[in-house]
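Please read it alongside the sequence and the structure displayed below.

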Amino acid sequence: MTTTETTSPPTAPAKRSWLREHSELGVGALLFLIGVLVLTDALTMTVDIAQRGPVGPRTVPVVVGAGLLVVAVLLAIDVLRGGRGESEGGEDVDLSEPSDWRTVLLLAGVFLAFAVLIGPVGFPVSGALLFWGAAYALGSRHLHRDPLIAAGLSLLTYVLFNNLLGVPLPGGPLMGVL
């Protein structure tokens with residue numbers, strides 16, 4: 001006498017378990033989608049004839065987009081072969097402590113102020129406020145040194161981008177001085 005076994009279709013918990021074990025596929029799908037968007041934007045970008053050359057404005061986005069696609073495919077292959085990401089080893093973070101909303105709100109305010117001020121006062125001034133405000137929000141209390149470092153860093157960034165890289169940043173009232 002032979003016994004026949006009947007197999008039932010997978011139940012919802014089994015399907016949910018497979019998805020939980022392969023949740024990294026979601027990260028791979030997101031990376032793939034971002035890669036496609038970056039490549040689409042780069043390849044449909046209108047480039048003036050004067051901007052063409054061996055390294056034009058499309059080069060970096062194409063490389064980044066292609067890199068995102070390669071990483072997404074490699075991640076998907078690794079996950080489907082049984083690879084799993086390492087569990088969080090833990091940083092020096094005490095998860096029982098409440099969030100530091102003061103720091104988060106200070107940083108958000110600094111970024112918002114930078115976005116509002118960059119047009120009227122220019123990058124050197126608004127950048128200095130951004131750098132000093134971020135340092136203050138993150139805990140630095142050197143009230144004499146931090147503004148000087150922030151101003152120097154902002155001016156250096158402005159000169160590097162505006163003069164050396166050719167990326168125009170708004171100069172504001174300091175445009176004639178710099």
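The points that follow cover the overall fold, selected helices, the salt bridge, the surface patch and single residues.

This is a predicted model, in which local features need pLDDT of at least 70, side-chain atom pairs count only at pLDDT 80 or more, and totals for chains, interfaces and linings use all residues. Residues are numbered from 1 along each chain as its sequence is written, and side-chain values use heavy atoms, with hydrogens and water left out. The secondary structure of the chain consists of 6 helices and 0 strands, where helices (H or I, at least four residues) and strands (E, at least two) are DSSP runs numbered from the N terminus.

**Overall composition**

- From the N terminus on, the order of elements is α-α-α-α-α-α.
- The chain has 178 residues, of which 19% count as buried; buried means under 20% relative accessible area, exposed means over 50%, and partly exposed lies in between (1.4 Å probe, protein chains only).
- The accessible surface of the chain is about 13400 Å², and 68% of that surface belongs to carbon and sulfur atoms; accessible areas come from the Shrake-Rupley method with a 1.4 Å probe, and for residues only the protein chains shown count as cover.
- Of the contacts in the chain with a separation of 6 or more, 58% are between residues 24 or more positions apart; contact means heavy atoms within 4.5 Å.

- Helix α2 (residues 24-43) has 20 residues and reaches 29 Å from its first C-alpha to its last, close to the 28 Å expected at 1.5 Å a residue; the expected span is 1.5 Å times one less than the number of residues.
- Glu24, Gly28, Gly35, Leu39 and Ala42 are the buried residues of α2. They cover an arc of only 65° around the axis, which puts them on the same side of α2; the arc is that of the directions from the helix axis to the C-beta atoms.
- Helix α3 (residues 59-80) has 22 residues and should span 32 Å at 1.5 Å a residue, in agreement with the 32 Å between its end C-alpha atoms.
- In α3 the buried residues are Gly65, Leu68, Leu69, Ala72 and Val79. Seen down the axis of α3, these buried residues fall within an arc of 105°, so they line one face of the helix.
- As background, an α-helix has 3.6 residues a turn, so residues three or four places apart point the same way.
- The cover over the buried residues of α3 includes α2, whereas the face of α3 turned away from its buried side carries the exposed residues Val60, Val63 and Leu74.

**Salt bridge**

- The structure holds 1 salt bridge, the term being applied to a side-chain nitrogen of Lys or Arg within 4 Å of a carboxyl oxygen of Asp or Glu.
- Arginine 145 forms a salt bridge with aspartate 146, and their closest N and O atoms are 4.0 Å apart.
- Arginine 145 is partly exposed, with a relative accessible area of 44%, while aspartate 146 is buried, with a relative accessible area of 9%.
- Arginine 145 lies in helix α6, and its C-alpha atom is separated by 9.7 Å from that of tryptophan 132, 13 residues apart along the chain.

- Leu153, Leu156, Leu160, Phe161, Leu164, Leu165 and Val167 make a nonpolar surface patch of about 650 Å².
- Patches are made of residues with over 30% relative accessible area and no salt bridge, with like charges joined within 9 Å and nonpolar side chains (Val, Leu, Ile, Met, Phe, Trp, Tyr) within 5 Å.
- Leucine 153 lies in helix α6 (residues 145-164) and counts as partly exposed at 39% relative accessibility.
- Serine 154 is also placed in helix α6, but counts as buried at 0% relative accessibility.
- Not counting residues up to four places away in sequence, serine 154 touches Phe123, Pro124, Gly127, Ala128 and Phe131.

- Leucine 138 is placed in the loop between α5 (123-137) and α6 and counts as exposed at 62% relative accessibility.
- Leaving aside neighbours within four places in sequence, leucine 138 is in contact with Thr103 and Leu107.
- The C-alpha atoms of leucine 138 and threonine 103 are separated by 6.5 Å, with the two residues 35 residues apart along the chain.
- Valine 104, in helix α4 (residues 101-121), counts as partly exposed at 43% relative accessibility.
- Valine 104 and leucine 138 are 34 residues apart in sequence and 9.1 Å apart in space, C-alpha to C-alpha.
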